[in-house]
Amino acid sequence: MTAYAYYPGCSLHGTAVEYGLSTEAVCRALGVELRELDDWNCCGASSAHTVNPWLAHGLVARNMQLVRATGLKELAIPCAACFARFKETQHALADPGTAAGIEEVAGGPVPRDLTVLPLLAILSEPSLLGKLQAAVVRPLAGLKVAPYYGCLLTRPAHVVGFDDPEDPQSLDRLLGALGADVATWPGKTACCGSSLALSRTEVVLDLSHRLLAWAEEAGADAIATACPMCHSNLDMRQGQMRRAGKGDHRMPVYYFTELVGVALGIGNAALGLSRHMVDAAALLERLPAGARS
């Protein structure tokens with residue numbers, strides 16, 4: 001069994017509980033051990049770095065210090081926003097002067113030898129992807145899914161170092177391994193409005209509407225994402241968009257781990273599918289039976 005230190009982040013214990021449930025269920029099924037950091041804290045996304053960069057780096061640095069207790073060198077992070085914050089701090093630690101300031105805030109040395117990985121990178125790694133494909137009992141055949149990476153998983157490229165910043169392929173490959181028809185569309189790395197949801201709601205509605213419209217134009221049945229903020233904006237705000245005259249969107253938006261879980265035959269309840277605002281279960285009724293209880 002492959003083991004990773006695991007940072008779930010705040011969203012997976014709050015607005016994105018289904019992402020946490022499906023992450024843990026899928027990793028168990030695939031033999032990936034997640035050792036959750038003991039006493040982890042918020043990484044500061046999405047506001048700390050805009051208010052006080054030293055606080056933001058210090059929050060991440062404390063979590064990086066906690067990885068030592070796991071005895072592991074690789075850290076798995078499902079949330080795209082959390083992943084971005086960790087990579088920003090890791091990038092900042094490369095400068096000796098900045099590193100000294102971060103360690104002063106964090107109250108001690110911060111490990112430099114960690115490999116920080118988005119969960120998507122782990123599950124789309126070739127050897128695990130082959131294992132996943134062999135374990136599929138309920139292929140997503142007949143479903144056309146738009147892979148949505150959002151802004152933070154692949155950019156800035158020199159900081160995060162994951163996939164292609166303009167045309168990433170890891171989620172495309174994973175969805176293809178599940179048997180889905182992967183949509184080609186222009187929105188895979190476009191912004192949904194992110195954390196402007198409260199301060200500039202109209203911007204979020206415009207940008208998220210555009211993404212949903214693009215997915216619909218590409219013939220997609222659903223969108224798959226790895227970001228709780230993106231999921232919230234695209235799933236929760238479709239009713240607001242309709243009331244604002246911005247399309248008649250009724251498209252399911254899934255965490256990619258939920259679709260992996262469905263393909264592995266894990267039941268909807270274990271994946272948290274009932275927590276979605278747009279019905280996430282009805283579309284899956286097209287699929288052949290094969291779900292485990």
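This is a predicted model: local features need pLDDT of at least 70, side-chain atom pairs count only at pLDDT 80 or more; totals for chains, interfaces and linings use all residues.
Biologist: What do the buried residues of H3 pack against?

Modeller: They pack against E1, helix H2 (48-51), E3, helix H4 (80-92) and helix H5 (96-106). Helices (H or I, at least four residues) and strands (E, at least two) are DSSP runs, numbered from the N terminus.

Biologist: Which residues of H3 are buried?

Modeller: Ala56, His57, Gly58, Val60, Ala61, Asn63, Met64, Gln65 and Val67 are buried. Buried means under 20% relative accessible area, exposed over 50%, and partly exposed in between, with a 1.4 Å probe and protein chains only.

Biologist: How far apart are the end C-alpha atoms of H3?

Modeller: They are 22 Å apart, which agrees with the 21 Å that the 15 residues of H3 (residues 53-67) should span at 1.5 Å a residue. The expected span is 1.5 Å times one less than the number of residues.

Biologist: Now the strands. Which strand does E1 pair with, parallel or antiparallel?

Modeller: Strand E1 (residues 2-6) pairs with strand E3 (residues 74-77) in the parallel sense over 2 bridges. Two strands pair if DSSP finds at least two bridges between them. Ala5 stands opposite Leu75 in E3. E3 is also joined to strand E4 (residues 115-118), by 4 parallel bridges, and there Ala76 has Leu117 as its bridge partner.

Biologist: What is the order of strands in the open sheet of 4 strands?

Modeller: The order is E6-E5-E7-E8, with parallel pairing. Strand E6 (181-182) and strand E8 (253-255) are the edge strands, each pairing on one side only. Strand E7 (residues 222-225) is joined to E8 by 3 bridges, and Ile223 stands opposite Val253 in E8.

Biologist: Changing topic, at what angle do H7 and H9 pack?

Modeller: Helix H7 (residues 126-135) and helix H9 (residues 170-177) pack at about 25°, with their axes 9 Å apart. That makes H7 roughly parallel to H9, since angles under 35 degrees count as roughly parallel, over 145 as roughly antiparallel, 65 to 115 as roughly perpendicular and the rest as oblique. Axes are lines fitted to C-alpha atoms, for helices over the stretch in contact, and angles run from 0 to 180 degrees between N-to-C directions.

Biologist: Which residues make the contact?

Modeller: Leu129, Leu132 and Gln133 of H7 meet Arg173, Leu174 and Ala177 of H9.

How values were computed: Residues are numbered from 1 along each chain as its sequence is written. Side-chain values use heavy atoms; hydrogens and water are left out. Contact means heavy atoms within 4.5 Å.
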